[in-house]
Amino acid sequence: MENSLKQDFTRRLSQCNSGGMIVIIYEICFAYMEDARQAHAKGRHDEMKAAIRKAQNVLDELIGSLNFAYDLVQSLCTLCVLQE
C-alpha cells in the first residue's frame with residue numbers, strides 16, 4: 001500500500017465516528033487485496049503473500065470486534081466459518 005494511501009486512511013480514521021471507522025477498515029482490507037492482486041499479476045509471490053496476510057489480519061480484527069449479543073453477529077460469524 002502506498003504511503004499516500006496510508007496517510008489518507010490515517011487522516012480519515014482520526015476524523016470519523018465508529019460507523020465510519022468500520023467502513024474505512026473494510027477499505028483498508030480491499031486495498032491490501034488489490035495489492036495482492038497486483039503483486040500476483042507481476043509474479044511477485046512473496047509480496048502477494050504479505051498483502052494477503054495483511055488483509056487477513058484486518059478481517060481478523062473486524063471479526064474480533066463483533067458484539068455477540070446480537071443474533072445477526074452470530075449469523076455473520078457462521079458465514080465466516082463456513083468460508084474457511
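**A chat about the fold**

A: Happy to! The protein has four helices and zero strands. Keep in mind that this is a predicted model.

Q: Thanks! In what order do the elements run from the N terminus on?
A: They run α-α-α-α.

Q: And what does the C-alpha trace span along its principal axes?
A: About 45 × 35 × 15 Å.

Q: What share of the residues count as buried?
A: Of the 84 residues in the protein, 19% are counted as buried.

Q: OK, on to packing. How is a pair of packed helices described?
A: By two things: the angle between the axes of the helices and the distance between those axes.

Q: Then what are the numbers for helix 1 and helix 2?
A: Helix 1 covers residues 3-14, and its axis comes within 10 Å of the axis of helix 2, with a crossing angle of roughly 170 degrees. Angles over 145 degrees count as roughly antiparallel, so that is what helix 1 is relative to helix 2.

Q: Is that crossing left-handed or right-handed?
A: Helix 1 passes helix 2 in a left-handed crossing.

Q: How about helix 2 and helix 3, at what angle do the axes cross?
A: At roughly 160 degrees, and the axes come within 8 Å. Helix 2 and helix 3 are therefore roughly antiparallel to each other. As for handedness, helix 2 passes helix 3 in a left-handed crossing.

Q: Nice. How much space lies in the second largest pocket?
A: About 250 Å³.

Q: Which residues line that second largest pocket?
A: The lining is made of Met1, Glu2, Tyr32, Asp35, Gln38, Ala39, Lys42, Arg44, Glu47, Ala50, Ala51 and Lys54. Helix 2 (18-41) and helix 3 (45-64) are the elements that each give two or more residues to this lining.

Q: How many of the lining residues are nonpolar, polar or charged?
A: Five are nonpolar, one is polar and six are charged.

Q: Buried or exposed, and why?
A: Ala39 counts as buried because its relative accessibility is 5%, and the cut-off for buried is under 20%. In space, the C-alpha atom of Ala39 is 16 Å from that of Gln56, and the two residues are 17 apart in sequence.

Q: And Met1, where does that one lie?
A: Met1 is in the segment before helix 1. Its relative accessibility is 23%, so Met1 counts as partly exposed. Met1 and Met33 are 32 residues apart along the chain, and their C-alpha atoms are separated by 9.9 Å.

Q: Last one: what about Tyr70, buried or exposed?
A: Tyr70 is exposed because its relative accessible area is 52%, and exposed means over 50%. Tyr70 has its place in the loop between helix 3 and helix 4 (71-83).

Notes:
Residues are numbered from 1 along each chain as its sequence is written. This is a predicted model: local features need pLDDT of at least 70, side-chain atom pairs count only at pLDDT 80 or more; totals for chains, interfaces and linings use all residues. Side-chain values use heavy atoms; hydrogens and water are left out. On a 1 Å grid over the protein atoms alone, a cavity is a set of points where a 1.4 Å probe fits but cannot get out, and a pocket is an open set with protein on both sides within 12 Å along at least five of seven lines; lining residues have an atom within 4 Å of a point. Grid points are joined across faces, edges and corners, and a volume is the space filled by probe spheres set on the points. Ala, Val, Leu, Ile, Met, Phe, Trp, Tyr, Cys and Pro count as nonpolar, Asp, Glu, Lys and Arg as charged, and the others, Gly among them, as polar. Buried means under 20% relative accessible area, exposed over 50%, partly exposed in between (1.4 Å probe, protein chains only). Axes are lines fitted to C-alpha atoms, for helices over the stretch in contact, and angles run from 0 to 180 degrees between N-to-C directions. Angles under 35 degrees count as roughly parallel, over 145 as roughly antiparallel, 65 to 115 as roughly perpendicular and the rest as oblique. A crossing is left-handed if the near helix is turned anticlockwise from the far one by less than a right angle, and right-handed if clockwise.
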